[in-house]
Amino acid sequence: ILRFANGKTVEIVNTDAEGRLLLADALIAASREKPEAMVSVSTLTGAMVAALGDHFAGLLCRSHKLGAALLAAAERTRERLWQMPLHDGYRDDIRSPVADLKNANYHGASALKAGLFLEEFAGKVPFAHLDIAGTAFLSKSNRLLREGATGYGVRLLVDYLQAASQETTAPGTRYKG
């Protein structure tokens, strides 16, 4: 059982789900800076590959405004996203009898449960996760990307940040995600 800086405890039930533990630490640290929004990107789950293949990355986000801004950036850059539901009905599946949470649950909807797990560490900051497991590295080219490492999400995030900075109306005004 790990205790995180925000006080939450996590039972490690699968050592192959270690990346989300690192992301949890990063989200806690970032949220302390009180950002307008947080977006994490990783090859979070094989379940996203099964769901979306290699043409879409999964968007896990509860904030309508942040999600819409990321989906718009995805359309502009052709780095496609598909929004997945962060349904609270799955939250009990990541609860632990010996800690606050467990780091994995592979009994269906595991990508959504991984998103709910990460959300626990974002605090009140609008948060999105891009699961690029299917799009980060391709064994063969598709109509959008070449074979090999794709850098998927970089163009999308740059576009998102540029669009957000254009929404500001005065010097020093920050994006309200």
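Which residue in S7 does Leu60 stand opposite?

A: Leu60 faces His129 in S7. Keep in mind that this is a predicted model: local features need pLDDT of at least 70, side-chain atom pairs count only at pLDDT 80 or more, and totals for chains, interfaces and linings use all residues. Residues are numbered from 1 along each chain as its sequence is written, and side-chain values use heavy atoms, leaving out hydrogens and water.

Now zoom out a bit. Strands S4 (residues 57-61) and S7 (residues 127-131) run antiparallel and are joined by four bridges. (Strands are DSSP E runs of at least two residues, helices are H or I runs of at least four, and both are numbered from the N terminus; two strands pair if DSSP finds at least two bridges between them.) The open sheet has four strands, ordered S3-S7-S4-S5, with mixed pairing. S3 (38-42) and S5 (81-84) are at the edges with a single partner strand each, so one side of each has no neighbour in the sheet. From one strand to the next, the twist averages 25°.

Leu60 also belongs to the largest nonpolar core, which has 26 residues. (Such a core is a set of buried Ala, Val, Leu, Ile, Met, Phe, Trp, Tyr and Cys residues joined through side-chain atoms within 4.5 Å; buried means under 20% relative accessible area, with a 1.4 Å probe and protein chains only.) Leu60 is among the members touching the most others, along with Phe4, Val10, Phe117, Leu118 and Phe121. Helices H1, H2 (46-52) and H4 each supply at least two residues of this core, and H4 gives the largest share, six residues.

Definitions and conventions:
Buried < 20%, exposed > 50% of the residue type's maximum accessible area, 1.4 Å probe, protein only. Axes fitted to C-alpha atoms, helices over the stretch in contact; angles between N-to-C directions.
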